[in-house]
Amino acid sequence: MNESIVWLREGATGNPVQASLFDEITDDHLLLWSTTWSPEMRRYVAANAPTDRPEDSHWNWRIKSFSSSGLLSCHSFSLVCNGELQALMIARDLASAKLPGQFGQPLVHLEFVATAPWNRPEFHQPVRYKGCGRILILAAIEVSRACGGKGRIGLHSLPAAEDFYEQKCGMTLLGADAAHQNLSYFEMTETQADQFRRNQMKP
Amino acid sequence: MIAPVERELSVSVVSDPLKKTMTLNLTVREMAVLEELAAKKDLSKTATMRLALRLLQAVDAKVQMGQKLYVEDERTKDKSELVLL
């Protein structure tokens, strides 16, 4: 397992804070998920109307992690800051691009991406940390580069996250995908990935 | 505190940085197919072989779980089972 030092920003002050990105979801991370993240999610769901339920509130990361473990094509990531779990991601590198210009070429598909409840504005104002999603997108781009995909990534977005992928990440929206519950499908080209990586270097 | 933001890019995703080397002997036809696939997929020959390994492992895992692999004709919707050894 590799640990990368990355930087988030405190939601309240904007100050940078050091965090660790692990290229694995370990039992310790799953324990943090089940003892902190999951209970907070359950409390929120119980206290709010079904229409306000987070779209990923039913995700069981223990099951998701188990079904991808051991497969060379699956890549799991955990983001930890100050001993707390901040975000999780599972990506798979056996996917093909759909955009004209890169159609049929390999890309990394982000199967599941989620930030901890305390990093979401609907749970906490201000959020505890900002920048978790950006770090995970960077990780996916690096996986793609390591596999020869040149930074190409793709994902089916839950409705609440569409703006993030289109506006903040600069991905291209290809429309609703009937084969994936009509979720909007986004792709990032090699050029967009390079641009995204360069933008992260700006102070 | 000034964030060394450049370090954000030092995301390491290679779980096993220790690589092992092997020599792969291919027939002329196999090499031609590998070169054709590598060009089509915009990959190096090494990356293409690694992709093939990941694909075979992923398919084998499904078959071991008792699942079947089908291919579907996009136009006619005809399905046929892909039998794997």
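Start by selecting Asp56(A) and Arg120(A): in this predicted model, they form a salt bridge (a side-chain nitrogen of Lys or Arg within 4 Å of a carboxyl oxygen of Asp or Glu), with the closest N and O atoms 2.6 Å apart. The partners sit 64 residues apart, Asp56(A) in the loop between α1 (27-47) and α2 (61-68) of chain A and Arg120(A) in the loop between β5 (106-115) and β6 (129-130). Helices (H or I, at least four residues) and strands (E, at least two) are DSSP runs, numbered from the N terminus. Asp56(A) is buried at 8% relative accessible area, and Arg120(A) is buried at 9%; buried means under 20%, exposed over 50%, partly exposed in between (1.4 Å probe, protein chains only).

Next, pick Asp42(B) and Arg152(A), whose salt bridge has its closest N and O atoms 3.6 Å apart. This pair crosses between chains. Asp42(B) is partly exposed at 25%, whereas Arg152(A) is buried at 2%.

Now stay in chain B and show Glu35(B) with Lys45(B), a salt bridge at 3.4 Å, N to O. Glu35(B) lies in helix α1 and Lys45(B) in helix α2, so the pair ties together parts 10 residues apart in sequence.

For a last stop, select Glu142(A), Arg145(A) and Arg197(A), joined into one network by salt bridges that share partners.

Definitions and conventions
Residues are numbered from 1 along each chain as its sequence is written. Chains are lettered from A and ligands numbered from 1 in the order in which they are written. This is a predicted model: local features need pLDDT of at least 70, side-chain atom pairs count only at pLDDT 80 or more; totals for chains, interfaces and linings use all residues. Side-chain values use heavy atoms; hydrogens and water are left out.
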